[in-house]
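Hello,

Here is the structure I promised to pass on. My notes on it follow below, and I would be glad to hear what you think.

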Amino acid sequence: MTTDVTIIGAGLGGLTLARVLHVHGIPATVYEAEPSPAARSQGGMLDIHDYNGQLALEEADLMDEFRGIVLEGRQAMRVLDPDGTVLFDKADDGTGGRPEVQRGELRQVLLDSLPAGTVRWGHKVSGVRALGEGRHEVTFAGGGTVVTSLLVGADGAWSRVRRLLSTATPEYVGRSVVETYLFDAENRHPAAAKAVGGGSMIAPTPGREIFAHRERGDTLHAYVGLSGPQDRFAAIDFTDAAAATARIAEEFAGWAPELTALITDCDIPPVLRLLYALPTGHRWDRVPGVTLVGDAAHLTAPNGEGANLAMLDGAELAKALSAHPDDIDAALTEYEQAMFTRSSEAATFFDGEEAHGIDSENNTAHGLIAAFTRHEQAR
């Protein structure tokens with residue numbers, strides 16, 4: 001294949017694509033809006049699954065590097081009632097298929113695996129347009145353009161490349177999360193640390209839930225989930241950290257103090273994340289010279305699969321391109337048909353069981369444990 005691949009976005013999907021292409025001897029350039037790899041925090045923990053994310057890392061020939069950043073013991077999982085009662089407590093015995101890593105560390109592994117100059121930082125896309133015969137022009141906000149015969153949008157939820165393929169736009173899913181961090185947890189927040197345990201913890205109820213991870217450096221990272229319209233959250237002034245924290249804590253009145261401490265004892269201002277998704281089963285007709293990976297293609301509300309699917313998308317697209325070096329359209333057709341099916345199936349919970357929403361009457365500790373049990377029995 002002699003055509004260079006132009007990738008927009010240096011997230012996990014775009015970088016995996018670039019890496020697997022490099023393994024197959026296909027050159028690629030990644031354009032990223034952020035000015036440097038350290039421009040912002042890359043988020044928290046990711047469980048990388050043996051049935052998708054790890055398959056991508058195998059194609060990228062990076063499994064040894066991946067194992068080197070796995071946080072041992074973090075596959076432990078516990079489920080609590082709002083009163084703090086531990087109803088489910090599964091230890092990490094080392095046999096699980098979803099080892100946990102820090103997203104930023106995984107991204108750095110991918111960056112380090114690419115030839116120097118592959119990623120062009122500080123290139124925010126301001127426009128894209130078709131030129132005909134599969135060629136596209138990308139314009140950057142800081143000036144300059146690039147013309148490519150193979151354009152890949154790995155540019156996330158609000159992808160600019162997507163508009164070349166689809167008129168779909170993400171819509172609010174009716175729930176949001178508030179992120180909190182507690183640092184030096186064992187010393188400074190012992191009750192919350194005990195509640196979370198050594199891995200992850202969830203305390204679900206209809207309409208509200210608290211999910212937390214124990215990250216590297218004895219940090220507790222919590223996601224406080226609430227359902228409701230956007231106006232509900234717009235009425236909270238998140239520029240006033242104390243007032244916003246108090247307002248969110250009100251939603252969990254009566255909960256165990258070791259759980260509400262994940263809100264009230266936050267060591268940084270709480271961060272609101274409104275959740276959006278593309279239409280279920282989002283797809284498009286084949287357009288020469290352009291495609292999408294990851295959230296740009298199949299954004300969903302967080303379900304544990306997003307990063308894994310993005311990486312597998314990148315790896316599978318690279319494999320298709322290497323298998324059809326003289327027929328880009330055939331490669332994109334092969335990739336997209338498999339990706340459409342894969343991303344639609346990922347909307348289910350455990351092996352085809354439909355996920356219940358936060359407003360479901362089954363969004364309880366007992367409902368979640370029952371789902372875990374059914375999953376284990378089906379294995």
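The side chain of Glu215 makes a polar contact with that of His221, at 2.7 Å (a pair of N or O atoms within 3.5 Å, one able to donate a hydrogen and the other to accept it; residues adjacent in sequence count only if both atoms are side-chain atoms). This is a predicted model, where local features need pLDDT of at least 70 and side-chain atom pairs pLDDT 80 or more, while totals for chains, interfaces and linings use all residues. Numbering runs from 1 along each chain as its sequence is written, and side-chain values use heavy atoms, without hydrogens and water.

Glu215 sits in strand 14 (residues 208-215), strands being DSSP E runs of at least two residues, numbered from the N terminus. Glu215 is buried (under 20% relative accessible area, 1.4 Å probe, protein chains only) but has no salt bridge (a side-chain nitrogen of Lys or Arg within 4 Å of a carboxyl oxygen of Asp or Glu). The nearest side chain of opposite charge, Arg74, is 8.7 Å away; Lys and Arg count as positive, Asp and Glu as negative, with His and the chain ends not counted.

On confidence, mean pLDDT (the predictor's confidence in each residue, from 0 to 100) is 93 for the chain, and 95% of its residues reach 70 or more. Over residues 349-354 pLDDT stays under 50, and the model has 13 contacts there beyond four places in sequence (heavy atoms within 4.5 Å). Where pLDDT is low, predicted coordinates should not be read in detail.

Best wishes

Note on methods:
Helix = DSSP H or I, 4+ residues; strand = E, 2+ residues; numbered from the N terminus. Buried < 20%, exposed > 50% of the residue type's maximum accessible area, 1.4 Å probe, protein only.
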